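Please read the following note beside the sequence and the model. The points are numbered so that each can be checked on its own.

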2 protein chains.
Amino acid sequence: MNGATAVIESLRRAGARVCFVNPGTSELHLISALERASGLRAVLCPFEGVATGAADGYGRMAGIPAVTVLHQGAGLAYGLANLHNAGRAASPVVNLVGDGATTHRGLGAPLESDVATLAGSVSRWVRTARDPARAGSDAVAAVAAATGPPGGVATLVVPADVAWSPGGRPSRALPAAPAAPAPATMVTVGRDSTLLLGGQALRARGLAAADRIARATGASLLAEAFPGRIEQGIGTPPIERLSGNPVDARRRLAGCLHLVLAQAAPPVMAFAEPGMGGELTPPGCAVERLDGDVTAALEDLAERLAPHIKARQCELAGAPGQPADRPLAADGVAQVLAALLPEGAIVVDEANTSSVALPAGTSRHDLLTNSGFAIGLGMPLAAGAALACPDRPVICLEADGSAMYTPSALWTQAREGLDVTTIVLNNRGYAILRRERARVLAEPGPSALFELSPPYLDFVALAMAMGVPGSRAGTTGELAVLMKQAIAEPGPHLIEATVPARY
Amino acid sequence: MNGATAVIESLRRAGARVCFVNPGTSELHLISALERASGLRAVLCPFEGVATGAADGYGRMAGIPAVTVLHQGAGLAYGLANLHNAGRAASPVVNLVGDGATTHRGLGAPLESDVATLAGSVSRWVRTARDPARAGSDAVAAVAAATGPPGGVATLVVPADVAWSPGGRPSRALPAAPAAPAPATMVTVGRDSTLLLGGQALRARGLAAADRIARATGASLLAEAFPGRIEQGIGTPPIERLSGNPVDARRRLAGCLHLVLAQAAPPVMAFAEPGMGGELTPPGCAVERLDGDVTAALEDLAERLAPHIKARQCELAGAPGQPADRPLAADGVAQVLAALLPEGAIVVDEANTSSVALPAGTSRHDLLTNSGFAIGLGMPLAAGAALACPDRPVICLEADGSAMYTPSALWTQAREGLDVTTIVLNNRGYAILRRERARVLAEPGPSALFELSPPYLDFVALAMAMGVPGSRAGTTGELAVLMKQAIAEPGPHLIEATVPARY
């Protein structure tokens, strides 16, 4: 058995089930091993950013690590931005990066680069396999690193000669379930407290416990602005998300004396602005962190503080009304989606300025957002989520500018027959830049560099290029008809929704 | 004047004329300064890999540095692969990478990353601007670093607060011409010598001098396998390119006793293979390097060794025949192109396994290839070359797999009205992997992971999505008709040429 087979077989025994592959010449033995491994599905991605974004989506929804196979430093480089996003969402991902043979280093081959340094910029764990006999245990160590709470990115660099040389041994199986997180430190919660929930605290159990605590103590509840995954809709407790607009967020947190970060990052401005500090927490506010096993900690707190209080649940407020037919805008897209969303759907939101929150009475669903802000995540993330949850429909809300980063995710969706409906909210420009410019610059004025038309980006043609049926909606009524069809038919669909910029 | 204006104004005074921009919120002040600068054209690229690949193409053809504006670490990451290629082609490129404000570092903002480390992986020079008063001289230092012989990638990181703060001063103008290279060391050339030409030695003057030397001494002449830029066709001396196939290259170099590397990299296998060493030069071959001002060194040698010998020139051998109509294959594409290539064209070749050398009697042209092997370079490179040489038609030969990396380069071509004809040689798979697998694996067998169909990638629809007229050719006759139209009409065109895999 060569080193490549030892790596792949060890990953399979450690619980990996899906591998997102962009193959190259240095990975031929890894590919060969992957094709012979039973129970490890290889998904071809024609661009590394698609492979890493899909791995993120799979990791968020499956809870077991997605594996990627990437080609040397240049291929890894194209995957870095979505690995950055995966890290920010604490998504378990194991990268296998093929590299030139160890005997080949220093010759100046065309693709030679410092793979480990590139990987280190986004990984919590990086190792270069040096010996086929240990390559299997290296792979298992990568899984352990990726699944260690709260989850993250681990990268194993596999030089070609380690892959092809004999002497490989598959490592003993790891338990598929990740190690239990450490018990959380206790925090006090009172009327003056605000609980800011992130990570596991945004899953149904954590949300329910937090809701009970808040009702018993009078504390305030917030979800972080850009959660990796949040369960919401009918049957889950209602919760307000902290605004992504720093002025609104600062206003919301004003007067807060005690902030409990339940697996949430400290709220900061995403982008610095002249004359504004970076922190959103008001001066003098005491900050406590609730890390470790946040679900257990919140449930313990709820049992102590609110033993007889039940969590609230969002309910369907009357029949979900389909809005009257009118020209499409971002809020109309949200209304149509809320009216038609199937129970148990997964909603991916990379609509940026066109993102509108769904009402609390929407069917129960998981919402995945871009915690890391590197655009181009949405369509790959949707592909990975659909592979993790083949029985759940996936709706992907995508902005035009972001859609230009990883469009070949649509091809992977078509190739794998994934049940993803992509709605591209096409406002023909970088609306977020127009908005920020108006906030930040003394004399903003228009900028041609923020306009994506002309030429008009035709997303229906783009879908056709990738083998995905595409259509275009200009009104809420058209969108509703197309969305019903897309949800009813198996396989991927794309609907281009032409909307005005919203800012 | 703020730091951003000082940077942009200094670049303009130092001779920069075009800036390839993918804007983000951290670059608002740089964008604003760029829009106010006269004589510095801002070209919008909807993906960073397009911006950096276009900068490479501009740098290769203009000889003055192209400037990019990239967004933080994630944006730079998407641009790294084509910066790697630019570095291997010794192309002068200056990156301006916006970063969060210095006061914002360490807060854990969503996009926070180690920009300088990422930049260091592909740059010969990296600096972070710290002070608006010095930002102008930082920018000039970047130009000097990028244009220092033989040319390369320089990166200036501009934190947002350095960009927006007052106190900026534009630096004194640099001479637009890059510094002269150092005189080359002298080498001996005799009957046993092989001159391997790269870099500047592949331009008309260097080629002519090398041809004279070879004829006078009996030395052998070769061009490196993947030149960044080579002048060829009618009027230039004929020269054989070293094969990209390591078996063929080793056979060609067998028996070579003395190899002179005239600004060429030592020939090595691009990818290691079991049981094969990495070097292509035979054991015992003496290797001398001719670096520095290689053109002057070759001309000096020619004057000494071949004072009365004129360089040969390729000639038109009879009327350029258009081939008889037949189903299209890669060699047919090359024949049609050779018959129709306009004088002075720029040919970009990222056709990979479908690449077929043009005959020596083709109209004079520059050929640009992918010296760095990171795929996804072709269409951006063509855009940049067209911007550098608006009076010269650009033909881009692109492989289907590589075209999936940076397809939005087509949009930039359409937006700027660039005279680029892209021919996608669609063989529906990663033929290079099929070929390498057959060479390297004991039991190769087919791999579904090397097949890009189904679903069929429809490049005509992709062109339409990006605002470029597209068409499809299945025979040499169809290709000739479409190519004539594309060359005759201004602006970009795409022709999908369906070809069988060639390996």
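1. In helix α9 of chain A, residues 246–253, the residues P246(A), A249(A) and L253(A) are buried, where buried stands for 20 or more other C-beta atoms within 10 Å of a residue's own, exposed for 12 or fewer and partly exposed for the range in between, with C-beta atoms placed from the backbone. These residues lie on the same side of α9(A), because they cover an arc of only 60° around the axis, the arc being that of the directions from the helix axis to the C-beta atoms. An α-helix has 3.6 residues a turn, so residues three or four places apart point the same way. Just after α9(A), G255(A) takes a positive phi of about 85°. Helices (H or I, at least four residues) and strands (E, at least two) are DSSP runs numbered from the N terminus.

2. This is a predicted model, in which local features need pLDDT of at least 70 and side-chain atom pairs count only at pLDDT 80 or more, while totals for chains, interfaces and linings use all residues. Residues are numbered from 1 along each chain as its sequence is written, and chains are lettered from A and ligands numbered from 1 in the order in which they are written.

3. Chain A as a whole has 17 helices and 17 strands, and its C-alpha atoms fill a box of roughly 65 × 55 × 50 Å along the principal axes. The radius of gyration of chain A is 23 Å, which agrees with the value near 23 Å for a compact globule of 503 residues; the radius is taken over C-alpha atoms, and the globule rule is 2.2 Å times the number of residues to the power 0.38. Of the 503 residues of chain A, 63% count as buried.

4. N22(A) is found in the loop between β1 (18–21) and α2 (28–36) of chain A, and it counts as buried because it has 26 C-beta neighbours inside 10 Å. Beyond its neighbours within four places in sequence, N22(A) is in contact with residues including C45(A), F47(A), V69(A) and H71(A), contact being defined by C-beta atoms, placed from the backbone, that lie within 7 Å.

5. What is the order of the 6 strands in the open sheet of chain B? The order is β2-β1-β3-β4-β6-β5, with parallel pairing, and two strands pair if DSSP finds at least two bridges between them. At the edges stand β2 (41–44) and β5 (125–128) of chain B, each with a single partner strand, so one side of each is left without a neighbour in the sheet. Neighbouring strands of this sheet are turned by 20° against each other on average, direction ignored.

6. Within chain B, strands β4 (residues 93–99) and β6 (residues 153–159) run parallel and are joined by 7 bridges, and V94(B) stands opposite A154(B) in β6(B). Helix α6 (residues 132–147) of chain B lies across β4, β5 and β6 of that chain, running at about 165° to β6(B); axes are lines fitted to C-alpha atoms, for helices over the stretch in contact, and angles run from 0 to 180 degrees between N-to-C directions.

7. Helix α1 (residues 3–13) of chain B is largely enclosed by the rest of the structure, because 11 of its 11 residues are buried. The buried residues of α1(B) pack against α2, β3 (66–71), β4, α6, β6 and α7 of chain B.

8. Some backbone values in chain B deserve a look. Most residues other than glycine have a negative phi, and most peptide bonds are trans. A cis peptide bond joins P149(B) and P150(B), with omega about 0°, and P150(B) lies in the loop between α6 and β6 of chain B. Phi of A90(B) is near 55°, a positive value in a residue other than glycine, and A90(B) is buried, with 21 other C-beta atoms within 10 Å.

9. The contact between the chains takes 80 residues from chain B and 78 residues from chain A. On the side of chain B that touches chain A, α4(B) gives the most, with 7 residues.

Technical notes:
Two residues are in contact if their C-beta atoms, placed from the backbone, lie within 7 Å.
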